[in-house]
Each structure stands twice: as structure tokens, then as C-alpha cells.
Amino acid sequence: MSRKLPKKDVVIIGLGWTGSIIANELTDESLDVIAIERGPWRDTPTDFPVNYMQDELRYHIRHELFLRPDQTTFTFRNKMSQTALPIRTWGAFMPPNGVGGGGVHWNAETWRFLPSDFVLKTHLTERYGAAFLPDDMTIQDWGVTYNDLEPHYDQFEYLCGTSGTAGNLNGQIQPGGNPFEGPRSRPYPNPAQKQGFGHTLYGKAAQELGYKPFPQPSGNMSQAYTNPLGLRMGQCTYCGFCEWFGCGNYSKASPQTTILPVLIRKPNFSVRDNAEVTRINLDRSGKRATGVTFVDTSGEEWEQPADLVILAAFSIFNVQLLMLSKIGQPYDPIANTGVIGRNFTHQTMSSVDGFFDKSKFNFNPFIASGAIGMVIDEFNGDNFDHSPLGFVGGGYLAYGQTNGRPITTTPTPPDTPKWGAQWKQAVRDNYLSTISGADVHGSMYSYRDVYLDLDPIYKDRFGRPLMRMTIDFHDNELKAAAYLTDKLDGIVKAMGANQTHKKPRKGPYDITTYQTTHLNGGAVMGADPKTSAINRYLQSWDVPNLFVMGASAFPQNAGYNPTGTVAALAFWSAAAIREQYLKNPGPLVHA
Amino acid sequence: MRSIAKSTVGMMLGAVVPWLAATAPGFSSSPDGQAFEQIQKGHYLANAADCFACHTQREGGKPFAGGRPIETPFGTITSPNITPDNETGIGAWTDNQFVRAVREGRGRDGSRLYPAMPYTSYTKMSRDDVLAIRAYLKTIQPVHRAVQSNTLPFPFNIRAVMRVWDALYFTPGEFKPDPKKSAVWNRGAFLVEGPGHCSACHTPKSFLGGDDTDAWLGGGKLQGWFAPDITGGMRQGLGSWTVSDIATYLKTGHNGITAATGPMAEEVLDSTSKLNDSDRMAMATYLRSLPSHSDQSAPKPAEQPVMVAGQAIYRDECSACHGLEGKGTPQLFPALAHSSIARADDPSTAIRLVLRGVRSVATKDEPTAPGMPSFGWQLNDAQVAAVLTYIGNTWNNAAAPVTADQVKQARKLLSLRNE
Amino acid sequence: MTLRRREFLAGSALLLLSASSSRAALLSGQLPWLPDAGSSPVPVRPGPWVYFTSDEGRAVEALADRIIPPDSKTPGGKDAGCAVYVDRQLAGPYGHNEGHFVQPPFMHGTKQQGAQSAKGPAQDYRDGLAALDKYCQAKYSGKRFPDLSDADKDALLKGIESGSIKLDPADGESFFKQVLKDIQAGFFADPLYGGNRDMVAWKMIGYPGARYNYLDWIERHNERYPLPPVGITGSAAWSPKT
């Protein structure tokens, strides 16, 4: 029996990137805002200190900053014909937990999607014809355009102090940047980070092959920076403990470094940590949210009423909460009806290792930042002609090795035994002269039979069904992976490698091997309520006083890291709430 | 605030008027305690004097309602309730009784107050100044809360001993401007020596707890911290800071060189951040003009093995924030190459920061509040001593070497502290 | 007039104390901070086995020395402390799958669906080492694994690894995979965990350890980094040489 707390204007579920962005925007409207976060409060000097953060075993292998599966997990199967089994320990992705969310332990690779990515269905159909696309591919247009989001990408990049080189300034292509990017209105707030030896060599090789390499846009500061909220950030020291770790010297963009110190001072903002929201409550009509129910660490249930509910948890948790709160029609893959759980995607990652002559090449792989690297975008999205290739989609090709942490970085040439004297010698010989971070960051488009729903067997600690993931790779993505990996291999060879080892993504999708935590979809945005859960402003079609942030809005995934787009959408939605919704609460789009 | 300009002028004049008043004994009528400008003036002076900090409990205390334990070398005193409540506060006090308490250190019944109440500094305010503060305090929400103040152990709870102390260390009397100095300097001197009571922390104390005025503002120890030298000394004071550096620090708690932590963080938040820019510049001007008494002694050169070890630790553990050149990052990581805490001969604050970590102050102008992690679990006493000796004797710093024993003592004392 | 209270030192999260207040802490007003906050690591202390029996410990030391044999330049897995590492890990949360989802039912799935066992690594080691011991004693006339020749050990391990030799009743292939993963992790982890003694593994590959500042090195391309490794608990260079 839950007890009721005093009403707030806004309740935000989750205090990660989107929760922090929305909270900061809406408190500026003098609204009384409370955020409820499942995990603990986290902060730089107490939780990511410079003197014990450098612990690969604790943070990368044992996942200390992440959600514990026994708190909640999912079940997984490749095909509908199989029985889904629980993910008992994380592998393919690492769900975040705690204030700051994924923004604490991300690499800070800060990308914009391509203009064509937002109108993908229209664009590909126009260029290649509908028959070119697989029958069961369910890609769709987003309902917003790149131009709609451009000012909000800019907003996020300046909030973060993103370090980069502009490639397209208001339509003018700039040397040294990404010639394929959508036009940006002004340069990055900070110059690009410095590059290490391997990264520089990759850029040179790519250039010699006729590509246009550019530095990866990085949320690690290339120099000290003060953001528009007045928060100070330090210069990244290339420590090599970025992804999986919090940053100890205030040099990685995160909610902690870019928003929270200002937000927490506002008298109209508060946050409850270690409190798990278990349900979004609706009134009798089912068309209006009245607030949320959450459980504290003593196991007691509370109700937090609010006029406006923002669902800002990690993407897959958003979908789960919508399902468990019975908001929106659940997707049925056989009947092809419903929207909640539909168009679920991940990423298609491939890589190439390069083995070099150790007497001539010393890469010092441990000197790196999270978003260091040189990249080419010639093979991303629809930047290249797919007609002779038999697939759609692509990805960026980068050499962006972020670390040399030895438990996970002991590359040996293929066919080296995995243990014994030969193994030991090979590790000794190759550690400093191998590059093992040349990646294809490939897109994953959406399909009829890749989706989320509620599991019929397994339950969480509250007795509610776990969410079930049905996901496998399709031929389209595997073909793209093979093609792109070959291209990447060509660049690594041109760097001067004696030997390369191609590792294109192969099916079936494996829940035990890490492939980024870029889970998307399940509550997608769009122009049509029949195929989307939320409208172009991220407002729920079914419950107008509910907005759903995050990558759950992506109808399909592009060949880039998602956070830039996730944040731009949050700013875009916040603007719509401030300028339109608050003046006239109700549906912002009439379909 | 439109009244600030007016009260600034009033302050400037106010620095001179008491002097006039002292030579014109017939001038005796008190200003109207309910007048708007009186309350504004009183609010401003109360901020400068930081009544709030001592007279309000830290965790959820009602403003000015007392009850805060104040640590002195002789034991802990609890601050009284100075809200206008008749029974438990000062509502029923007469103006004269209030003025006597603040300027002469006398309680309502004439008994002597302990100098934890810095009447030795507040005496420099004029009677009118103090009445303005009274006028402001009268507008605070009365809080009915009895506070037992007299909590020092025997024999210090016998107030009569204060007669001797006052004779040694208390010189009553309003601030007298120095006609050879500028108005700005005099304003700064009034604020620092008077309501600001900076010497309460920043002047070394005799064994009886009185100011050692020979080393005025040369640094003092309290509550497990060392409040550094804030004179214009080049070696250990603020000599290498500009006036603007000092003023910015007082306003925001941060500047290009360092950050306010510990009791100074509280001071900035409750007091100097609320003054106006010209007053902070005046205080800075005054401080920088003060002669230092620590520049005379030459530091002992640090021994090589200690410096080598200290440098290794510094590179591995400190340089990621404070930089290989000790330059830090302005407004974020203090520049140890210019830090008065790093240069102080008394390493109490430096040891404390390394062992426990700290969070610097967040103000409206500087909300980041960067924190330093604790190294006490990681470095043993010899290692803490080595790295602090290295920092204190590298770049332009020349401080006394820190010993492992000093670290050991500090660790013991700190283990009993709650903050 | 009531002033809004702002805490900034010492105070932990500001707790609202109203009648209908939740017991989950409410944070507001300022960034919370406490001295000595955070959870610093506790270094493994040398000493007797905490989890293993002495026979098990001996067997894991022998396994460690085959997976990472000693050579003239670098100690093997045993002298590097890998078995100590594994022992302490199994005695801790890792050993009993703490934090994992351990709810039933446990059903056998595809390889892609990951481990579906109720047992944790600690139990897996107990069972696996017992099966290994049983096999050896049967096949090698009562000799235990540590007593075999190096050649015999390697041949046996290769067989278990490939599946051509089956252990009974444990699953030899997955047991060996587990041991391989743990021994090699212990070799390269920070020495505070018991393995990588004196940072020998890091010295072997040229990894500088728990450093955080390479600002003066990012642009020094193709140059060997000269400084020796340092662990989270420091290095010999930190103590003044008398």
C-alpha cells in the first residue's frame, strides 16, 4: 500500500544525461522538479578518484559502476522459435546505474547522425527503390529532420565542450573535418584532441588511400573549458581509463561535470537516489499520468504525484516501464500490430587487429582518451552507392584505440596458442607494436522479428515479468560488416602492418560478447501513431503528459554512437515543452 | 540592490564619522531602529561580521537561533540564541546591553564573554554600526529555543578568569583611520580588523589564546586547520597575488590560483561573497600592504631522497589535476606553485587535505565546487611527508620540510573529527 | 523571514523531515560530501589459502605455471601470485556470483544465451579440480596433476581444452576456459589483488600501470615510455631511500 508524497510539477524517472538535461531546462521555467534515480548518487572526488580509478579488474571486468543483473535483467533469444533465457551476467551490453547514468562511464564519442539518417525510409526508397530493401526491414522516418535538431546538437556540444574539427560550416566543407556531416552552424567549442602515434598513422594511411580522415569528436576536453552554465572542466590527460570508468579529473563530459553542480543548487530541484520507479500511474481514463510509484531501499512503496512525467531512464528500461505500466499497445510481431517493443536495435561492430614490426613501431596503447582517434566516414549511412553491393547501411571506420589495459589487451597473431610459453612470448612481443582498436561502427536497421516484449517465465524481484529481447543479425548487416571490414583492413595494411587479423561481425547475435551499449528503439518516435509510440516531440501519443526521452525513440540505429542524438532530442523536446506544452498542456501533434 | 550604493557611501562616511563622534561627546541620539536604511546597513554589517555562521546550527538550524558548538583551544562553547525571542533570545535586551556585548565582550549581567565571540575585533565597529546590526537582528524570525552556552570545562567556565585575559589581550575602541593611507586602504583595514575579524583565525595565538600581534595575520591554527598567512609577504603570504586575485577569491571562493575549502569555504559563502566589489577590493588592498614576519627565516633545504620520492608520488598521484608544473587549472585545480597552503611552515592544512580530501565551496559565480579525493588510505606517513615536502620546495615554493611524525600526529587527531 | 539553509561541508545529504517523507534520502541544495569518502580498495594480504584446500591450491599453482610458464625474463603464473589471486577472488563476491541473476528455472540454452548455471565460480573450481584430480589419479597411477611432468600436464590440458579428453563429472572444457581467464586476469591485474607480484607482468609488456597523466607524452610518437610501472598501492619509488 503506497503512501503519497506532496505533489510536484514534474517527476523525472532516471537522472542520467536526458534526466539532467530536462531537469535543468524545466527548473528554469520555475517548475518544481523531482528526479527519482534507481541507483546511487555519484560524484567525481568520492566515486571516481584519481587514485583508485585505474583498476581494470574492478571497473571493467567486474563492472562495478553498472547495474547488477539481480537488481533487474532481461531474457534473450535469437529467434521467436526459441525459449528466452535470462541474462545472468552482462556481456553484449552494460546497463548503467546511478546518477549520471551512462554519461559517467561512456567514452564521450560525440556524434551527429547524418541528415539522411532521419528520413531513412524515404531516402533509401527514392534512391534504390522499395524492392532493394529486405521485406522484413521495418525502418522508418523519424518525424524530425537534421535541421530541426541542429541547434540542439550545437547546444549539447557546447554544454560538453566537445573537442573536434568542423567539416561542414553552414554548407561550406572545411578541410580536416568530416566532409559528409550535416551542416553545423558554428565550429566545435574546443579544438580536436591530440592524437597518438597509431591514430596519426591511421589518418596518414587513410589520406594516402584517397579518403578524408578527421579526428573523432570527443567529449574529453582538449583544453580547460568553462561551459555555458559556468561549470569548469579540466584538460584530459590521456589516462586510458575512460569507457567503463568515471573520470577523476573533471575532463570528461558527464552530467556530473556539465550540469549537476548547477542543478543541485536550484531550490526547485531535488533528487531521490536508491529509489526504483516501478510504475507510471494513470488516471481512470488511462489517458493521463498522475505520477509514479517507487520503492525505497527499505522496500517501502511510495507515490510521487506530478502533473508532468518524464521517462528518462536508459532506453530499454523506458520500454520496460511503458509495458509494465500498460501504456501504449504492445507490439505483436506476428500480427504486426502495436508499437511498444517494436523496432528494437543494437549496433553491428567489427574490428581489425594490426601486427607491426616491434623494432620499428611503438604505439604506447595505454596513452589514449575515450574518444581519441582518426575516422573516415566514406562508408557510413548512404554516403556511398549501395546499388552494386546488395545491402544498405554502413558505419564509420576508425582507429580509436582508447586504452592498453592489459587484462583485455594482449593481442597475439591469429593461430597463436591461448596459453603456454608461446602465448607468453607472443604477448611480450606484440603488446607495444599492435593496434587492436581499429573498428567498424556499423548501423543496425530494424526488422519485424527483432523486438522487445514481456517474458512469460522469468520475473524480477518485485514479481513483475522481465523484458524479453528477441534479436539476431540479418543478412543485410552481416554483408555490410564483411564489406566494411575489408575496407578497414586495407587502411590498416597501408599503415605498414606486417599482418592483419580481420574480425567482421558474424552471426548469431551473441549475448556474451560486448558490442557497445547502444540499445535503441522499442518506443520509437514518428509521425504516425500506428508505427510509433511517441510523436516528434517525444510526447506519448497515448498519454499527453508523458514524454519519453532516450534512444528508445530511434526507429533504427545509424552507424554512429547515439549519445549526441539522444541529448539533442532531449533539448528539442525540452524546448517544445517550454514553448508549447506548458502554455497549453495537451497533445502537441494531432496525427 | 539600489541601497548598496547608498550604504557604500554611508560606509565610507561611516568610517570617518565615528572618529568625529569620538571628539564630539555631545552627539548622542541613536538612529531609528526601524528605518529601512538602518536595517539594510545592519544586514550588510551582519554579513561582514558573519554572525550567521557561529550563531546558527549547521544541520537544519534556524537562522541565528544559536546552538552551534564552537571549538576553542580550551573546550567547546555553544553559541547563544540571538533571535529577538524575549525569553531565550535577545529580544528583551536593551540597545546598550547589545552594544556592550558586541563591542566590549560583556554579557547582559556584566559577566565577561569568551573571545570565541570576537569582541576584540568587533570593538572596532562604532556604536551606530552595532545598533544597525541590532536593528537587522530584530527583524529575524524569533525562535524560542533555550541554549546552554557555558559549556567550557573547569577552570575556563569561571568567567572571572577573563578579567586577566582581557587585560592582556583586549584593547577596546573604535577603528581609527590612518590619515597617511588612502580611503580605500582605511575601508579595508576597518573591514578586516573589525567586522571581518580575520585575525580570529589568521593570527597566531599565544598559549592563552590571545593574538600574537607581532605576527599580525601571519597564519593561525584552529580546529585542525592552518589558516595561512594573508599578509603581503612574498614567501608565504599573498604577495604574488594581485588585489584582483584576492577580491575574486573573497567573492567566488575561487581564483586562478586556489580555492576556498574548510572553514574558509563557509566564510566566503556566508560573508565575503555578500559584500560589494569595492569593499572586497578594499580588503584586498589592505591585506596586500601588510608586512610579513615569516619572510625573514630561511627554510631548511629538503633532503634529496625525500625530494626524489616526493617527486615520484607527485607525478603519479597529483599531477593529473595539479599539473607537472604545479600550475593547476584556473578556477578548478589549485596552482600548488603559488599556493599559500603549500608554502606554509605549518603543514596542518596541507596534511589534512591530502589525508582526507576536501570539497571546495560552491558559490553562484563559481558553482563547480571541485573536490579532491582522500589519499590517507593510500600513502603512509613517510610518503605524505615526502610529497608535501616536495610540493613545498619545488617551483618557487620554499617551506619547511614536513616530517612523518607530523603526519602521524595529524592522522590521530583527524580520526576523531567529523568533518 | 526564513532563510533557506545551505549546507556545504561535513553534512551528508540534506534530509527532509516531514511527516510523509520517504526514507529514501532526498538530495537538494548542494553536492553531498564526506571526508574519506569513496570505497578505496583493500589489498590482498599474503598468507594461507582462504578458499582453496592445500591440495586445491597446489593444483591451481601448477595450472598457473603451465598457462604462464616461467622463463628467463619473467616469472611464471605461480611465482607471480596468480593462484593467490584466484583464491582470494573465489573467496569473495566473484566466487558466488554475487550480483548475478540467480533465479530459477535453470534451463540449458544455446551458446549465445550464456551460462545458465546455479553454481558460481567457487563451486565450479571445487568440482573441476576434484574431477581433474580424479582423472589424473586414475590415468597416472595415483599421481596428482602437480606431480606430472610438464609435457604430460600440457598434453592433458590441451586435451581438456579441445574436448578430446573428458573430465567426469565436471565439464572440462568450460572449467579450463574459466581457469585460463582467471589466471591470465590475475597475471595482469593490479598487484593489490594478489597476482602480478612486483608488477612482473606489466614489466614484461611495458605497461606503466596505474598512471593518470600522459599529457607530456601524447605527442611523443614512436618512443618507448621510460618510467617503470606503478600500482594503485604505489611503487618502491614512493618511499624515500635511506
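# Reading a predicted three-chain model

Visitor: Leaving aside its neighbours within four places in sequence, which residues is A:Thr18 in contact with?

Guide: Contact means heavy atoms within 4.5 Å, and on that basis A:Thr18 touches A:Ala312, A:Met549, A:Gly550, A:Val566 and A:Ala570, once neighbours within four places in sequence are set aside. This is a predicted model, in which local features need pLDDT of at least 70 and side-chain atom pairs count only at pLDDT 80 or more, while totals for chains, interfaces and linings use all residues. Residues are numbered from 1 along each chain as its sequence is written, chains are lettered from A and ligands numbered from 1 in the order in which they are written, and side-chain values use heavy atoms, with hydrogens and water left out.

Visitor: Where does A:Thr18 lie, and is it buried or exposed?

Guide: A:Thr18 belongs to helix 1 (residues 17-27) of chain A; helices (H or I, at least four residues) and strands (E, at least two) are DSSP runs numbered from the N terminus. With a relative accessible area of 5%, A:Thr18 is buried, a word that applies under 20%, with exposed over 50% and partly exposed in between (1.4 Å probe, protein chains only).

Visitor: How should I read the sheet with the order 5-4-20-19 in chain A?

Guide: Two strands pair if DSSP finds at least two bridges between them, and here four strands of chain A make an open sheet with mixed pairing. Strand 5 (85-86) and strand 19 (451-459) of chain A each have a single partner strand, so one side of each lacks a neighbour in the sheet. Strand 19 of chain A runs antiparallel to strand 20 (residues 465-470) of chain A, and five bridges join the two; within this pair, A:Leu452 stands opposite A:Met469. Helix 11 (residues 315-324) of chain A lies across strand 4 (74-77), strand 19 and strand 20 of chain A, at about 125° to strand 20, where axes are lines fitted to C-alpha atoms, for helices over the stretch in contact, and angles run from 0 to 180 degrees between N-to-C directions.

Visitor: Which strands are the edge strands of the six-stranded sheet in chain A?

Guide: That open sheet has the order 8-16-17-18-15-21 with antiparallel pairing, and strand 8 (214-215) and strand 21 (499-503) of chain A are its edge strands, each pairing on one side only. Strand 15 (residues 348-355) and strand 18 (residues 434-442) of chain A are joined by seven bridges, and A:Ser350 has A:Val440 as its bridge partner in strand 18. Helix 13 (residues 475-494) of chain A lies across strands including strand 15, to which it runs at about 25°.

Visitor: How many residues of chain B and chain C take part in their contact?

Guide: Chain B gives 42 residues and chain C gives 28. The area buried between them, meaning the accessible area (1.4 Å probe) that two parts lose on being put together, summed over both, is about 3200 Å², with 58% from carbon and sulfur atoms. In chain B, B:Arg58, B:Asp316 and B:Arg359 lose the most area to chain C, together 20% of what that side buries.
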